[in-house]
Amino acid sequence: MAQRGRFVTLFDPNALIAAIARSGDRAAFAALFDHFAPRVKGLLMKGGAPADLAEDMAQETLLAVWRKAALFDPAKASAGTWIATIARNLRIDVARRETRSRLSQIYEIIDEDGPEQPDDVVSGAQRDARVRAAMTDLSPDQYRVIELAFLEGFTHQDVAQRLAIPLGTVKSRLRLALSHLRGKLEDLR
């Protein structure tokens with residue numbers, strides 16, 4: 001309830017949203033905006049959004065209320081709940097965009113290296129030859145487990161089934177083989 005002068009007016013968000021939906025009532029939108037924008041901003045800041053972003057998203061939320069006013073159904077939720085849901089969904093969209101943006105930055109960093117250079121190809125071939133040579137030093141059991149798990153891409157469980165050995169034995173052989181390879185190839189790191 002708000003008091004202006006000697007008149008007392010009731011704040012009815014449902015009626016304001018209905019007026020927006022019915023006739024695009026700008027005064028109703030202004031009243032709704034004045035009431036809910038600071039609340040939405042506070043809600044978003046409580047959720048961890050910085051003040052500037054929260055303010056932008058509060059404005060975007062209220063603009064969505066303007067555009068979607070005809071979709072509001074007071075039988076399903078209160079106006080406050082409906083507006084908070086719009087704000088929450090916008091926050092989720094922003095978080096998704098931020099995640100995609102961070103991934104793009106990682107890809108850009110990876111791509112900065114450019115195409116593989118001839119020296120890299122030679123050193124890669126030399127590295128592969130060293131790994132193969134180190135693998136020949138493994139016991140046949142360890143070699144087979146490494147071959148199935150890393151070269152052929154089987155899961156540890158699949159390796160256990162193919163070799164008819166317990167899963168724990170597969171893991172033990174892998175651990176020993178990898179330890180051996182790390183020792184042999186430490187200078188490649």
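Predicted model: local features only at pLDDT ≥ 70, side-chain atom pairs only at ≥ 80, totals over all residues.
Some ground rules: residues are numbered from 1 along each chain as its sequence is written. Local features need pLDDT of at least 70 and side-chain atom pairs pLDDT 80 or more, while totals for chains, interfaces and linings use all residues, and side-chain values use heavy atoms, without hydrogens and water.

**Exercise 1.** Work out which elements the protein has, and in what order.

*Solution.* Start with the count: there are eight helices and two strands. These are DSSP runs numbered from the N terminus (helices: H or I, at least four residues; strands: E, at least two). Now walk along from the N terminus: β-β-α-α-α-α-α-α-α-α.

**Exercise 2.** Find the buried residues of helix 8 and say how they sit around its axis.

*Solution.* First, locate helix 8: it covers residues 167–184, 18 residues in total. Next, pick out the buried ones (under 20% relative accessible area, with a 1.4 Å probe and protein chains only; exposed is over 50%, partly exposed in between). They are Val-170, Leu-174, Ala-177 and Leu-181. Finally, look down the axis of helix 8: the buried residues fall within an arc of 75° (taken from the directions from the helix axis to the C-beta atoms), so they line one face of the helix.

**Exercise 3.** Is Ala-164 buried or exposed, and where is it found?

*Solution.* Begin with the place: Ala-164 is in the loop between helix 7 (156–163) and helix 8. Then check its accessibility: at 70% relative accessibility, Ala-164 counts as exposed.

Key. Expected span 1.5 Å × (residues − 1).
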